[in-house]
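Have a go at each one before you read its solution.

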Amino acid sequence: MLFGLAVLSALIWFGLIFFHGWFWQAGPILRPASPGKAPADIMPNVTVVIPARDEAESIEVALSSLLTQDYAGRLSLILVNDRSEDGTGALARALPDPKGRLTVLDGADPEPGWSGKLWAVAQGVAEARRQQEANSGYILLTDADIVHAPQHISTLVAKAQTDTLHMVSEMVELQCESLAERALVPAFVFFFALLYPFAQVNNPTSRTAGAAGGTILIRRDTLAEIGWIEALKGALIDDCTLATCVKQAGGRLYLGHSCLARSIRPYPYAIDVWRMIARTAFVQLRYSPLFLVLTVLAMGVVWIAPGLIALFGHGLTQWIGLVTWLVSIGSFVPTLRRFRISPLWALTLPFVAIFYTAATIGSAVNHYRGRGVVWKNRAYTDAIPNDGRTTPAAPSPAPEEAKAAQMPGGRA
């Protein structure tokens, strides 16, 4: 029995290391574009859409980093103030904007079936369409806690133009300062790459599609082709749903790590990371109790069993467990190096896996207790499941109609 478990775990790890998109490697990093080598037509219009709900602590520095971009083309920013109660909108409107790039909208309450963030994005994209009717150029979706280096947008557009990509997404640098962040945040990136191997996402022949919501640059005509943000209605993991829609439509994706954008949202305590995981973990499993059971079993076999077998096994079984355990923790080292923390943290990976498994179970408990997905003090229990593979049951109004009917005069 124990020998069979050791062999099973070893075989799984053999497959993961050599046949799963090299997920464990550092992954592609989008370096700053060199203006001298950029194509001549690299300056299409770019509209940045930023949903913001109670982001007073970060909104000024995040927006300032976008207002001071060195992008030579036409750049406009649309901040959707999603019913904030902490003065987020007022802080945004007070920022210096000498080039007149910024529009601030006061968003309406979400319609049934929409999550608040995605509804805010939909309103922002509707305003972008109002400002520019032609489906040319790009829309950049980003968050209100992301700080961008001055050349970031130029670099994103250069990548999209040079490689003829329909969508460019980056995993931004995450905070990794507190003890909880050092222990748990690198694993978030590691497990994300396991679920969405960057090499497979970037391979047009692979069905794997993924994106990181902190930075998504998408062609306007591509977004129009898939049905705008309305195609995502009901999605709670909206970034990956968007990537699925784009790839199914024949679009080419890029997913990599960013060295030009970083999140300033802190996760000072383990409970903060727990909430981040539990928010959408059961959604990732499509609310399936069967998938939950299989996930728990898989986490045990892949992450926990090798260490236990190495400690308590005997003979050949123990050696197989030891080698498998060393491979598993070794696969985590490139991620730790990216976060510039000691490789010794890899020794905690089995315990981190237990934490993530428990948070996933907690996500399911929240669902069955009727608490649903919670984001910014909003709980979503009635969102229509949408993973990009199905069409939402109730389409929303066209963006122009939605704007006219539900977006009170909040432009600045």
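**Exercise 1.** Which residues form one aromatic cluster?

Before you start: this is a predicted model, where local features need pLDDT of at least 70, side-chain atom pairs count only at pLDDT 80 or more, and totals for chains, interfaces and linings use all residues. Residues are numbered from 1 along each chain as its sequence is written, and side-chain values use heavy atoms, with hydrogens and water left out.

*Solution.* Start with the rule: rings of Phe, Tyr and Trp (its six-membered ring) pair if their centres lie within 6.5 Å; planes under 30 degrees apart count as stacked, over 60 as edge-to-face and the rest as tilted. The cluster is made of Trp-13, Phe-23, Phe-190, Phe-191, Trp-274, Trp-303, Phe-332, Phe-355 and Tyr-356.

**Exercise 2.** How are the rings of Phe-190 and Phe-332 arranged, and are they buried or exposed?

*Solution.* First, the geometry: the centres of Phe-190 and Phe-332 are 5.0 Å apart with 55° between the planes, a tilted pair. Next, the burial: both Phe-190 and Phe-332 are buried (under 20% relative accessible area; exposed is over 50%, partly exposed in between, with a 1.4 Å probe and protein chains only).

**Exercise 3.** Why is the pair of Phe-355 and Tyr-356 edge-to-face?

*Solution.* The ring centres of Phe-355 and Tyr-356 are 6.1 Å apart and the planes sit at 65°, so the pair counts as edge-to-face. Now check the burial: Phe-355 is buried, with a relative accessible area of 18%, and Tyr-356 is buried too, at 6%.
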